[in-house]
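Dear colleague,

Please find below the structure that I am handing over to you.

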Amino acid sequence: MGDAQESCRQLLPRAIFGINGKVENGVRQHPVTGSIIFPLGNKIGIADYKKNTQEFVAGHTNTISCLDLSKSGKYMASGQINHMGFRGYVIIWDYDQRKEISRHDLHKVSVQAICFTAEDRCVVSIGGVDDGSVIVFDMEAFSPICQTPASRAISGNALTIRPMHNNPYFFVTAGDRHLRLWSILREEKKLYVQDVLMASKTRVFYCARINKTDEFAYLGTGTGDIVKIVLNCCDRDHVSKQGSTSCILGAFGTHNPRKPSGRDCNRYVNGVRALYVLEGGRLLIGAGNGDIELVEERTDVPLINFRDYPGPTWPYLRTLKKTHVSGRISSFVRSKPESFYICTDTNEIYGLNIKTWVLKLLRTCHTKSVYCITFPKNYSGVFATSGKECIRIWSSGRKQELLRIMVYNFNCACVRFTHDGTSIVSVWNDGIIRAFTPITGRLIYAIPNAHNKGCSALAVASTGRLIITGGIEGQVRVWKIDPYRQDLLGVLKDHSGPITSLDINYLDTEVISACTDGSCVIWDIKRMTRKQVVTANTQFMSASYFPTGVQVITCGSDGRIIYWMVYNGALIRELTASKKSSVNCLAINETGDYFISVGSDLQVKLWDYNSGSVVGLGSEHASSVISCAYSPCMTMFVTGSTDGSLIIWDVPRDFWGRPNPPDATKYSLPKTSSKTRMSEVPARVNSGTNLKTPKGENIDGLLKATPKDDLCCVECPPCAKKEAKASDAFAECGIVPDVRKC
């Protein structure tokens, strides 16, 4: 057993695409190294974009809900969300050593927000809806010192927290009808609080920023305006200075000079989700609809003149510059004095130069689960992934996204390249088969109503003229693809559950279908009949042919990997890949010497096919891994998980696989001039070998056609467009009444 552990190598990732952009203010930049720190599942990612390296820090038991970095860069703090009835952990990390220093579980269920106070004195965290408390953690004693309810009974929950820049014992909390100023008494282990006077205004605050002098605070609201308050702090016992209090100065919107007074105030759509206070009184504002604006306060009109303004929001902000990104803004990170990183809830990071106002897309990844990964035939330069509402083509060399094909409101269950590289075939949960061009992403053809309850699996023959699809209702259907027509050749019915995967052998004569009903069926697609069926006490998740087609390998929810014989369906070998979780996907290399398995235990395993032993192990994923693909060059493979992250792994040189022996001498039957009765019968399935490949786009030209650091996004047109009836009565049925015109 010890020798087996020593022979198992650690797999190293070449590139990682992944970020959780839904965490508010979850992206940070280290002040010394310049690395980007972000949450991803239950891990914290630390990425150096200059060196193109990335590493993870693990310790949480569930999804990270908030993250902060100390001003000195020595410490990190993170909180998580947990299941109902369980505690939510707050963990303090040492950045240099990447190790946990301390933790506490005083919050119930979830931690809403967390922050370091000035000079790294304390860590303040607020709980979620089920907790509602403020907890102060002392960084000198490394222990919590006080806990108190965050809000009053008449106000809502606290949603965000912001410390002062100069005083380490003061901070502000804001939320649903909630805005309070706090003072920490470290010796007495107490918290003093004072409500900010809001006059008659009621708001839901999503974000807060304080200027460098701790004099004013700016808060973004759900109604789309900016609330400015004067803090008047800081007094140890009275929170604000004696004889004064914290109060609102006004709720501001942007001024529209084209409209008359009283209707010249514009608010931000879907609320203000991110703020940043710049020098000279300027503000960088991110809205819920993706708008980014650089604004400043107006100097031509005194603020006191707006007291008689008819609306509750005053047009006191002047828009200087404006741009738009995809998704809701969740974080602003100042990388340089004139540059910002902008993170959105669509898991994208943009770079913005506020001087030249140039916006550039830097990092992307899927927003939800990655359902399928595939490589073109004999080409490792690019690979395709399918997920929520999109198909994405990635460059394995540039480590960036090249092409994105969008179909809104639907999920792509599986995607495949044709062997000649001229099209991308995909199946969707709306029951439509769609094919696209590989460079421009243009829709070639669509087959509506391919499956009643939606498509779930796909396999493409080597000629590209025959595709096999599997549906959620359990049927396997064979389609003939012609240049201007797509026909259904046959329906194969044997399964009683959703089809999870399809794989076709190299001769294009057989296809194996895996199903959640505990059976895998080998079909003869020439005769449209069943050849073999194998069953096991599991829900099969994936089935793949050995390159020679004599064996198949399957995996399922019981954590076992099973070898089967194609000829008689006999069980050859059974391996235990995981004792507690399921194995979700398998991929075999071109020679059949090695294969990879991924599962819900977050581990990626590289196996020796002949010995059945694990030779490589990778554990960089932060959530369940559900898809994988081996590259044709056999030097790397790609895995995808439920949080939308992708990892390109390097295969150690010792496990690249041995080249196949040379092909044996091919023999052909002598040609006969006589025509038998069988030769006169047309074949039921036309393999398409007599069709010439049209000249046009090919996948090997995608890298040349796409500039570096550029992304092409294409929206697919609707496939169920109703055509107007023709005026001619014979046009619909295609009848030509006059023979001479035929």
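Strands, as the word is used here, are DSSP runs of E with at least two residues, and helices are runs of H or I with at least four; both are numbered from the N terminus. Please note that this is a predicted model.

Residues 448–482 are 57% strand and 0% helix, with end C-alpha atoms 16 Å apart.

As for the overall division of the chain, the domain assignment gives domain 1 (26–164), domain 2 (196–363) and domain 3 (370–653). Between the C-alpha centres of domain 2 and domain 3 there are 48 Å.

I would also draw your attention to strand β58, which comprises residues 646–650. Which strands pair with β58? One is β2 (residues 12–17), which is antiparallel to β58 and joined to it by five bridges; here I16 is opposite I647. Another is β57 (residues 636–641), also antiparallel to β58 and also linked by five bridges, with M636 facing D650. β57 and β58 make a hairpin in which four residues separate the strands, and G644 in the turn has a positive phi of about 90°.

Finally, why is β58 described as largely enclosed by the rest of the structure? The reason is that four of its five residues are buried, that is, under 20% relative accessible area.

With kind regards

Conventions. Residues are numbered from 1 along each chain as its sequence is written. This is a predicted model: local features need pLDDT of at least 70, side-chain atom pairs count only at pLDDT 80 or more; totals for chains, interfaces and linings use all residues. Side-chain values use heavy atoms; hydrogens and water are left out. Domain bounds come from an automatic or database domain assignment. Buried means under 20% relative accessible area, exposed over 50%, partly exposed in between (1.4 Å probe, protein chains only). Two strands pair if DSSP finds at least two bridges between them.
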